[in-house]
Amino acid sequence: MTIIACYSSKGGVGKTSSATNLAFLAAAHGSRTLIVDLDQQGATSFYFRVRAPEQHRARSLLDEARSEAAILETNYERLHILPAHSSYRSLDTLLDGMKKSRRRLAERLEDVADGYDVMVLDCPPTLGLVAENVFRAADVILVPVIPTTLSRRTVDQLDAFFEKSGHDRSRLRPFFSMVEPHKRMHRDTMQEMRASDPRLLKSSIPYCAEIEAMGTHREPVLRFALRSRGAAAFLELWLELQGEVAATARD
Amino acid sequence: MEDAARRFRWQSSEDDDDVLARSLGDGILLESGEEQRARLELLDTFERTLVCAGHALVRDGAQLLAVRADDLRSDAIMGVATRSSALFWWDLEPGPLQDVLRRHLGLRAVTPLAAVELRSLEHRVSNEDGKIVARLRKDSLHVDGRKLGCSVTLLPLLGYEREARALATSLSRAPAFRPSDEPLAWLVLRAAGQDRLPLPLRPGLRLQPLQTAQDGVTRISHWLLRAARQHEPGIVADIDTEFVHAYRVALRQLRSLLSLVKGVYPEDDTRRMRAFFAKQARATNRLRDLDVYLLDEGAFRSTLPPVLQGGLDEMFADLRSERAQALRQVRRVLRSATYQKQMAAHEQWLSQHSPPTGPRAEEPIGAVAVAEIRRRARKVLKVGRAVSDSSPAEEVHQLRIECKRLRYLLELFADLFPEGALAPVVRRLKRLQDALGGLNDGAVQERFLGEYLKTASRLDPQTIATVGGLIGLLHRAQGEARQRLRERFSEFDSARVRRVLARRARLGGAA
């Protein structure tokens with residue numbers, strides 16, 4: 001059972017579209033998959049056309065039975081979703097008032113993950129207790145990065161946070177997202193970052209109109225635009241990730 | 001992720017999707033996938049073993065697969081068969097399908113029982129967000145273009161149980177749909193007129209202690225005769241060896257009953273029936289013996305080193321041609337007008353409301369059962385005590401016969417005693433019979449091989465050596481078997497057994 005987190009401290013970098021399409025690919029390749037939408041904006045839930053069940057709140061995430069009761073089957077085989085709720089915006093505060101605040105959510109997520117082969121966590125763009133718990137639970141933390149100068153700083157900040165908190169930095173796997181190869185800044189940044197950071201995944205996701213159109217179609221891009229460059233890129237990313245996960249499991 | 005508890009199923013005579021949409025109520029949006037069609041042949045044994053176990057063996061063109069009897073599609077296990085007619089588990093190539101069949105079939109063969117065209121269509125029910133909240137699968141069965149039945153299954157989605165229940169309620173209320181748990185495989189069998197299960201050999205009647213002896217015996221006899229006869233078509237078609245076996249077992253039980261519980265009919269009638277059924281059973285003796293040898297071929301061969309295997313080839317080839325001849329003879333008998341007429345007459349005699357009575361006819365069957373069991377048990381002890389290590393085979397054989405008689409009575413009349421009352425006796429009797437059986441099998445094999453050596457038309461030195469070697473092995477095993485027999489008999493000849501028979505074999509005042 002593998003837990004994959006999609007995290008970025010910035011919004012609008014392709015975090016949700018990545019989580020959605022990777023979860024879809026995991027399920028399509030035969031794994032029983034659960035995608036957990038932890039972002040109070042609920043973009044993932046929107047893509048999957050689901051709403052949180054009546055009783056579901058932020059507090060439910062801290063109780064195994066209540067979390068499980070909120071899980072819904074998506075329109076796609078083997079893919080389930082634990083939808084977000086607007087009350088998730090107070091999740092950091094909620095955790096802060098509890099003992100073991102840095103672990104509590106992680107443990108509940110691990111409990112829920114038990115019935116699945118893969119769990120994908122779509123994280124909110126904040127660096128608080130929710131993020132801490134996610135970093136603790138995840139086997140791999142994917143970090144989508146738009147290849148600009150500012151993005152380098154974001155990765156550095158994340159590294160620093162990891163060091164300070166004692167998390168294993170090698171679990172961070174940045175990858176380039178929304179890449180526009182005709183832009184010189186993108187090309188240069190990618191070259192520089194690859195030279196200094198071996199954790200970067202080789203695959204990258206291009207800026208792609210079809211990926212942008214996910215909000216209109218409300219489906220993974222691999223469903224409505226299988227032949228697009230975006231779809232092909234996600235597939236490549238997934239295959240590379242599978243190889244990495246297998247290698248880590250062996251070590 | 002589908003499990004049976006979460007399925008809802010209805011049957012309908014309406015194939016029309018409009019009817020389905022209307023039955024679901026207003027505001028429900030149905031979207032359909034593509035209709036899938038498959039020509040399926042359903043195979044199973046005489047006893048419908050697979051479907052009763054929840055599996056369905058189907059042939060879809062050249063593909064052979066086991067699926068769930070429920071929906072004829074889930075949990076598909078594929079395999080390859082080396083034959084296309086009656087299939088035994090060993091006719092499949094090793095693999096998961098062979099494993100499934102080996103677990104369930106035993107010595108039975110499966111034959112094609114029904115051929116249908118299965119048309120399946122999946123509908124999706126979505127909410128206003130475009131989220132699928134339930135799936136409805138419609139399966140319809142067609143033969144020669146004619147629709148035979150239609151089944152609608154509701155497949156809920158996790159988290160949308162409320163929506164599923166609402167849909168289920170609508171369908172259950174709709175006049176065109178009838179809730180039904182029936183697996184699709186049974187629908188197919190019913191459409192082909194193949195859904196009747198055979199009569200079990202153990203009569204499904206409960207005897208009452210105060211029933212008259214004649215009433216009890218007549219009912220059971222009639223059942224056993226019908227149970228025997230239902231195997232005749234299978235014997236004639238030579239589907240598998242179990243048909244002859246079951247036919248003989250039923251007739252044997254019938255004859256045992258008539259001989260062990262005498263006096264319920266006039267002596268002449270009892271004698272007439274016993275003679276007739278004995279004759280019919282004898283007609284199948286040779287065929288059954290040969291079947292048993294041929295079934296044992298693998299075991300026989302594995303006891304011999306490779307160098308002697310060649311010698312067995314000829315022997316088994318001879319056995320096979322003899323078996324073909326024996327089958328021809330049995331077929332002639334079963335198909336003859338005489339046999340059919342006589343059997344029908346006996347069936348009719350046993351279904352009379354008041355058959356002619358004998359001296360014990362009116363006695364309560366409870367009392368009769370106790371008396372006979374005690375009598376037979378005393379006989380077993382008497383005969384068994386006289387058997388020594390040097391006793392000839394006939395004496396041991398006699399003991400075996402007496403044990404069978406007692407055993408049969410205990411099983412036949414089990415209903416009349418409190419649960420577990422006679423268990424100590426039955427347990428020890430079974431163990432004694434096991435020991436006798438082992439001894440007997442060895443002796444029969446030895447004798448058979450000896451005869452074969454004497455009467456076979458062509459014998460080469462290799463065959464003689466092989467058969468001689470086998471006889472030697474069997475002879476040595478006999479010594480061990482005798483020892484075991486002694487031990488088991490003394491377990492039976494014990495104070496415990498005597499006590500149970502004296503006291504427990506009692507039926508609330510009927511003893």
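Does the radius of gyration of chain A, with 251 residues, agree with that of a compact globule, or what else does it show?

What radius of gyration does chain A have, and what would a compact globule with 251 residues have?

**Entry 1: overall form of chain A.** I began with chain A of this predicted model. I found a radius of gyration of 17 Å for chain A, which agrees with the value near 18 Å that a compact globule with 251 residues would have. I then took the extent along the principal axes, where the C-alpha atoms of chain A fill a box of roughly 50 × 40 × 35 Å. I noted 12 helices and seven strands in chain A.

**Entry 2: burial and contacts in chain A.** I looked up burial next, and 55% of the 251 residues of chain A count as buried. For contacts, I considered pairs in chain A at least 6 apart in sequence, and 78% of these contacts join residues at least 24 apart.

**Entry 3: cavities.** How many cavities of 30 Å³ or more does a search of the whole structure find? I recorded four. The largest cavity holds about 70 Å³ of space. I noted that β6 (140-145) and α7 (149-165) of chain A are the elements that each give two or more residues to the lining of this cavity. I listed the lining residues as Ser8(A), Ser9(A), Lys10(A), Val13(A), Val143(A), Pro144(A), Val145(A), Ile146(A), Ser151(A), Thr154(A) and Val155(A). By class, I recorded six nonpolar, four polar and one charged residues in the lining of the largest cavity.

**Entry 4: confidence.** I turned to the scores of the model and found ipTM 0.90 and pTM 0.73. Where in chain B is the pLDDT below 50? I located this stretch at residues 1-6 of chain B, and in the model it has 13 contacts beyond near neighbours in sequence.

**Entry 5: Val307(B).** I looked up one residue of chain B in detail. Val307(B) is found in helix α12 of chain B, which covers residues 306-335. Is Val307(B) buried or exposed? I read a relative accessible area of 63% for Val307(B), and this residue is therefore exposed, the cut-off for exposed being over 50%. I also checked the separation of Val307(B) from Lys262(B), which is 45 residues apart from it along the chain, and their C-alpha atoms are separated by 55 Å.

Terms used. Residues are numbered from 1 along each chain as its sequence is written. Chains are lettered from A and ligands numbered from 1 in the order in which they are written. This is a predicted model: local features need pLDDT of at least 70, side-chain atom pairs count only at pLDDT 80 or more; totals for chains, interfaces and linings use all residues. Side-chain values use heavy atoms; hydrogens and water are left out. On a 1 Å grid over the protein atoms alone, a cavity is a set of points where a 1.4 Å probe fits but cannot get out, and a pocket is an open set with protein on both sides within 12 Å along at least five of seven lines; lining residues have an atom within 4 Å of a point. Grid points are joined across faces, edges and corners, and a volume is the space filled by probe spheres set on the points. Helices (H or I, at least four residues) and strands (E, at least two) are DSSP runs, numbered from the N terminus. Ala, Val, Leu, Ile, Met, Phe, Trp, Tyr, Cys and Pro count as nonpolar, Asp, Glu, Lys and Arg as charged, and the others, Gly among them, as polar. pLDDT is the predictor's confidence in each residue, from 0 to 100. Contact means heavy atoms within 4.5 Å. The radius of gyration is taken over C-alpha atoms; the globule rule is 2.2 Å times the number of residues to the power 0.38. Buried means under 20% relative accessible area, exposed over 50%, partly exposed in between (1.4 Å probe, protein chains only).
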